[in-house]
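Here is a short briefing for a reader who is new to this structure. Please look over the sequence and the model before reading on.

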Amino acid sequence: MSLAIVYCRSLLGIDAPEVMVEVHLGRGLPAFNLVGLPEASVKEAKERVRSAIQNSQFEFPSSRLTVNLAPADLPKNGGQFDLAIALGILAASGQIPAQQLSKYEFFGELALSGELRSCRGMIPVAMAARDAKRTLVLPTANAPQVSCVSGEHKIANNLLQVCRFLAGQEQLDHAPPHQPSQESTECADLIDIIGQYQGKRALEIAASAGHHLLLIGPPGTGKTMLASRILGIMPTLSEAEALETAAIYSISDLPDLPWQTRPFRQPHHSASAAALVGGGGKPKPGEISLSHNGVLFLDELQEFSRVILDNLREPMESQQITISRATARLNFPAKFQLIAAMNPSPCGFHQGELSRSTPDQVQRYLQRLSGPFLDRFDISVMIPALPKGSLSKPSQEGENSAVIKARVIASRDRQLARQDKLNAHLTAAEIKQFCPLTAGDSEFLENAIERLGLSVRAWHSIIKVARSIADLADDPKISRSHLTEALNYRAMERLLASLGKM
């Protein structure tokens with residue numbers, strides 16, 4: 001047989017499109033031609049495959065060899081095609097049987113000795129192979145990654161072992177069952193924070209429905225401590241959510257998260273736009289995608305470039321980011337919850353004896369953040385300095401994170417049972433359906449947003465926050481008290497309004 005077809009996968013974002021490796025042995029002078037839009041890392045497979053075949057006790061054919069990676073318009077990069085190319089050459093030259101090749105997909109990089117090396121992006125590949133109803137054959141080193149994906153996956157250590165399996169001389173082991181990580185994922189407790197009851201309440205509301213949260217206050221008041229404790233009051237990821245998050249990390253060359261643990265990303269303010277939203281010459285997911293199903297925390301918000309922050313406006317609502325290149329258009333999921341912390345002025349205090357900034361300086365400082373970006377925060381709350389005596393007097397014990405987490409989980413269960421999504425992700429039509437207001441409450445809210453100078457987006461945000469407050473209290477309907485509390489969480493608008501009156 002002079003023609004063999006082997007199936008493999010390429011990586012395109014978090015998708016794994018099928019690649020058909022076609023190998024043909026023809027007449028002519030010995031040559032090895034590799035076609036199908038391969039990049040440099042794929043072209044180098046010719047030397048790796050040649051050495052691996054010879055060092056695995058096989059003969060490399062001395063004829064005109066053509067390998068086509070179809071479809072030809074799909075860019076290919078990386079060493080994951082090595083195993084499929086080697087098997088295609090051996091099948092086309094009749095050294096191994098080709099009858100069973102169509103039942104499998106082969107993925108792995110070859111060492112010169114014929115050993116199989118691990119590759120990135122195995123979770124999307126395993127999911128795609130499962131959907132195509134084929135068995136995936138992969139390096140042993142990648143077994144822990146694919147163990148969380150249902151389906152049949154076989155592991156091998158080297159090329160010779162795979163060839164013996166195809167010849168019926170040896171059986172390959174199955175990927176071991178998934179073993180949840182034993183790494184500790186305990187989070188710091190909210191009870192450790194002195195005072196700041198409004199901040200804790202705002203954190204609970206944000207965690208219960210996925211609302212974006214902005215914490216404003218002087219230095220050292222506990223903004224970062226509050227944000228770092230939100231994972232302790234959020235439920236663990238479901239199996240489907242954990243698989244989505246693991247797929248993103250598998251293509252990012254980052255250590256895997258403990259299974260079903262929500263990601264918490266905290267990039268430095270010097271991060272570039274590509275680092276935050278994704279991109280690069282070979283596009284990779286950015287911090288917003290690495291925060292998928294978790295939390296993205298931006299400390300010292302004003303220190304980030306305004307242009308970079310404005311790049312977050314669309315994914316904050318669409319929950320995905322699209323990166324366009326000349327050769328491809330990639331979509332990365334970005335269902336993240338943004339929590340940001342900032343000072344109200346350049347000196348940290350916008351009023352009182354400690355303030356050293358004029359109203360003009362404060363206004364210029366706040367203008368580093370665009371209005372449309374700030375408008376996408378459902379909740380903004382002031383975290384004030386602790387009153388005198390809070391540190392010296394015995395603190396009153398509040399609720400610990402476990403108690404608050406129970407309420408958050410119960411609230412999320414109510415939301416998912418009612419509308420199959422969290423309140424923060426409701427559309428305008430769904431707000432009308434699931435968050436109805438009485439005529440009197442609608443008029444009250446309209447008058448309030450007119451006095452504060454808020455937008456229609458803020459109108460929807462306030463209603464969604466009020467719905468979350470009602471869910472935490474297990475109230476079936478939104479009442480005036482819920483709307484009033486939601487209006488209290490608009491600290492940024494009140495800060496900007498107070499500067500305008502000075």
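**Helix α9 and selected residues**

In α9, the buried residues are Ala 242, Leu 243, Thr 245, Ala 246, Ala 247, Ile 248, Tyr 249 and Ser 250. The model is a predicted one.

**Helix α9**

- Helix α9 spans residues 239-250, which is 12 residues.
- From first C-alpha to last, α9 reaches 16 Å, close to the 16 Å expected at 1.5 Å a residue.
- The helices that the buried residues of α9 pack against are α4 (122-131), α5 (143-146) and α11 (287-290).
- These buried residues also pack against the strands β12 (264-265), β14 (284-285) and β17 (329-333).

**Asn 423**

- Asn 423 sits in the loop between α16 and α17 (428-434).
- Asn 423 counts as buried because its relative accessibility is 0%, and buried means under 20%.
- The side chain of Asn 423 makes a polar contact of 3.0 Å with the side chain of Asp 471.
- With neighbours within four places in sequence left aside, Asn 423 is in contact with Ala 209, His 211, Gln 415, Arg 418, Lys 464, Arg 467, Ser 468 and Asp 471.

**Nonpolar surface patch**

- Ile 194, Leu 386 and Leu 391 make a nonpolar surface patch of about 270 Å².
- Leu 386 lies in the loop between β19 (379-382) and α16 (401-419).
- Leu 386 has a relative accessible area of 33%, so it counts as partly exposed, a class that falls between under 20% and over 50%.

Note on methods:
Residues numbered from 1 in each chain as written. Predicted model: local features only at pLDDT ≥ 70, side-chain atom pairs only at ≥ 80, totals over all residues. Heavy atoms only, no water. Patch = residues over 30% accessible without salt bridge, like charges linked within 9 Å, V, L, I, M, F, W, Y side chains within 5 Å. Areas by Shrake-Rupley, 256 points an atom, 1.4 Å probe, with all protein chains shown as cover. Salt bridge = Lys/Arg side-chain N within 4 Å of Asp/Glu carboxyl O. Helix = DSSP H or I, 4+ residues; strand = E, 2+ residues; numbered from the N terminus. Buried < 20%, exposed > 50% of the residue type's maximum accessible area, 1.4 Å probe, protein only. Polar contact = N/O pair within 3.5 Å; in protein donor to acceptor, adjacent residues only side chain to side chain. Contact = heavy atoms within 4.5 Å. Expected span 1.5 Å × (residues − 1).
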